[in-house]
Amino acid sequence: MVMDEMGGSTPETTTRAAAATTSYVSSSIFSNYPLLSALIAFALAQSFKLILSWYKERRWDLKQLVGSGGMPSSHSATVVALTVAVGLQEGFGGSLFAIALILACVVMYDATGVRLHAGRQAEVLNQIVCELPSEHPLAESRPLRELLGHTHTQVVAGALLGLITATIIHLITGSTIRA
């Protein structure tokens, strides 16, 4: 029960408290359209990796659900879904959209640049280690992870998935665009 200034409860104070609670619940993390769009796009991308892996190898590789690299890029899907959702919710001319767009560009550039080449270098280093004589100190070292980055096709596929995910969620939830 909510008390007014005099220590008593009135319908007005109770209504205000209920409105504040409703406002808090409706503005919770579960109704955060950009965040939900990004998380759903990430989950979809990782699920597609699992399905594509099964299709190619005819076995389930559950590491695909949490691993990086592969088709489609879950990083690209996540940041593009976030960017599109922010643009649709806050407007495409605002500072929040600009920040999200720059973040998306940096993440996608990194995926096709530094991370892709680091993965290729890991592949070469692993091959060199395999060819070392067994008495060499590095001969028994654990192999480096090779699937780190993405090809341009994988990044574009992830970006399209993010765009489609954010747009569909926007249409389903009826989120409004702010001016």
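1. UniProt positions are given in the numbering used here, with shortened feature names, and its annotations may be inferred rather than shown by experiment. The unreviewed UniProt entry places "transmembrane region" at residues 33-52, 64-86, 92-111 and 155-173.

2. This is a predicted model: local features need pLDDT of at least 70, side-chain atom pairs count only at pLDDT 80 or more, and totals for chains, interfaces and linings use all residues. Residues are numbered from 1 along each chain as its sequence is written, and side-chain values use heavy atoms, leaving out hydrogens and water.

3. Residues 155-173 are 100% helix and 0% strand, with end C-alpha atoms 27 Å apart. Residues 92-111 are 85% helix and 0% strand, and their end C-alpha atoms lie 25 Å apart. Helices here are DSSP runs (H or I, at least four residues), numbered from the N terminus.

4. At the start of H2, a side-chain oxygen of Asn 32 comes within 3.1 Å of the backbone nitrogen of Leu 35. Just after H2, Arg 58 has a positive phi of about 55°.

5. Buried means under 20% relative accessible area (1.4 Å probe, protein chains only). In H2, the buried residues include Tyr 33, Pro 34 and Lys 49. The buried residues of H2 pack against helix H3 (74-90) and helix H6 (152-173).

6. Gln 89 sits in helix H3. Gln 89 counts as buried because its relative accessibility is 18%. Gln 89 and His 170 are 81 residues apart in sequence, yet 8.5 Å apart in space, C-alpha to C-alpha.

Conventions
Buried < 20%, exposed > 50% of the residue type's maximum accessible area, 1.4 Å probe, protein only. Helix = DSSP H or I, 4+ residues; strand = E, 2+ residues; numbered from the N terminus. Contact = heavy atoms within 4.5 Å. Polar contact = N/O pair within 3.5 Å; in protein donor to acceptor, adjacent residues only side chain to side chain.
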